[in-house]
Amino acid sequence: MDEKENNSQDVEEVKELPAKRYIRLKPFSFVMLIFGLILITTTITFFILTTGEEKVVEVVKPQQNDRQEFQKLYNAYDEVKNNYFENIDEEAMINGAINGMIDALGDPYSDYLNQDEAQKLNESISSSFEGIGAEIQEKNGYISVVSPIKNSPAEKAGVLSRDLITAVDGESIQGMSSSEAVLLIRGEKGTTVTLTIKREGVEEPLKIDVTRDVIPIETVYSELDEDGIGHIHITSFSEGTYEELITQVNEMQSKGLKGLVMDVRQNPGGILQGAVEISNLFVEDGKKILQHQPKKGKTQVFNATAGDKIDIPVAVLIDDGSASASEIFAAALSESSDIPLVGQTTFGKGTVQSPKDLPDGSNLKLTTAKWLTPEGNWIHEKGVKPDFEVNYPDYAMLPFLDPSMEMKEGTVSIAVESAKKMLVALGYDITETNSIFDAEMTAAVKALQADTDLEQTGVLTGDSTMELMNLLREKIKNEDPQLLKAKEVVQEQLK
């Protein structure tokens, strides 16, 4: 036999040999052996699962100590949850902690909306454009008006830029975020909201009733005067603003447009891209429009590109209600195209916000970058200064008068003082603008009523109050000193 056959035979022989020894186990020992095998198998399985690609143990019980900076937060949360004498609302606690983090930034433009707040705000925005029409922000514990939108209920009611809203329908909103305040101020068309306002230079708080309405979606208004000077007022930078502007410029060009006043007064801003596109119409190809400076990474420079340009004399109107994208536009035209600015120093918002929807439906809006002017200036809380400073007349800042209020001889109130100043501005004969409704004012009110074909009662209320304010509004529009100066600047360029 060869070697292979011998080996094969040896194996067969071994299999047939009877066992010489037997392992004898008692029943109890056998059970313990099986239990030990199960324990070992479980341990090995657990080790494999917890050291593989997916650590099951972390899903079952998060390790709080992985982020040491949160240990203090965990400790405080556990202390409250375990020892507070009543049951706690865990979700409210977490939302409060997030709000606290955002508040600690000290940034009025960063905000957190919990799930309910975000849903209500989104529903309110998507279902209709109804409200009072004012851009607001939280500042030093107050809700401050950045600017009312042109032709909005807020503007018509007399709400002004820089007004501080302290209460809504009698409910204090001090300490609220701007998002929380918006939810109280917004409402359906036809409903009325009462704003309690603290205004600079006015001692007593003002109460202004605003009837909510559909907010105008037009963002560009234009007119051409007899000298060929166009006046274009951009109320916000929205998605359709560029197209609106081009349409109205083309229309004015067909009627002999020679020069242009671009008006961004009381414009709270809007879409960054919209401001860049419109600035591009006035800035030479290759020159800077703005610089975008994020926390990390390189500064991004937005340069003007080739394309259609508006190449006629231009001036830009600005005021303290011009903010954000309006300031980008004004600074770009000033620094890159030497276009003169007329009016007042702008609001001073030099930051960029990025909203982020969180998985549970809540929303976090964070300031993520600065923007700088073409020359690298950061205008935050400083504003863009005009080349020609022109202030509004004092009568343009007078508060709205409540038509439902009756003022007559003997009435003493701050509203009487405001009404007297309005009458003086319109040329009626009043020698002392105090808070007393006297015989002289009765005569002035009767003269007003005669001029507007109303019953001459000498009592200022209802239609008489509305006519007084309408006449003043027309005077402000027709004798706008800032617009008149801007047109003068354009005329000088035409010579």
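Helices (H or I, at least four residues) and strands (E, at least two) are DSSP runs, numbered from the N terminus. By this scheme, Asn267 lies in the loop between S12 and helix H10 (272-280). The model is predicted, so local features need pLDDT of at least 70 and side-chain atom pairs count only at pLDDT 80 or more, while totals for chains, interfaces and linings use all residues. Residues are numbered from 1 along each chain as its sequence is written, and side-chain values use heavy atoms, with hydrogens and water left out.

**Asn267 and its surroundings**

Asn267 counts as buried, at 0% relative accessibility; buried means under 20% relative accessible area, exposed over 50%, and partly exposed in between (1.4 Å probe, protein chains only). A polar atom of the Asn267 side chain lies 2.8 Å from the backbone oxygen of Ile234. Leaving aside neighbours within four places in sequence, the residues in contact (heavy atoms within 4.5 Å) with Asn267 include Ile234, Phe237 and Ser326.

**Aromatic rings**

A pair of aromatic rings is described by the distance of the centres and the angle of the planes. Rings of Phe, Tyr and Trp (its six-membered ring) pair if their centres lie within 6.5 Å; planes under 30 degrees apart count as stacked, over 60 as edge-to-face and the rest as tilted. The whole structure holds 4 aromatic pairs. In one of them, the ring centres of Phe237 and Phe329 are 6.1 Å apart and the planes are at 50 degrees, so the pair is tilted. Phe237 is in the loop between strand S11 (229-234) and helix H9 (241-253), and Phe329 is in helix H11 (residues 325-337), 92 residues apart. Phe237 is buried at 1% relative accessibility, and Phe329 is buried at 0%. Ring pairs join Phe237, Phe282 and Phe329 in a cluster.

Two charged ends sit over rings, as tabulated here. The test is that NZ of Lys or CZ of Arg is within 6 Å of the ring centre and within 35 degrees of the ring normal.

| Charged residue | Ring | Distance from ring centre |
|---|---|---|
| Lys349 | Tyr109 | 4.8 Å |
| Lys370 | Trp378 | 4.2 Å |

**Helix H15**

Which residues of H15 are buried? They are Gln482, Leu483, Ala486, Lys487, Val489 and Val490. Seen down the axis of H15, these buried residues fall within an arc of 155 degrees (taken from the directions from the helix axis to the C-beta atoms), so they line one face of the helix. Among the elements that cover them are S11 and strand S12 (259-263).

Note on methods. Polar contact = N/O pair within 3.5 Å; in protein donor to acceptor, adjacent residues only side chain to side chain.
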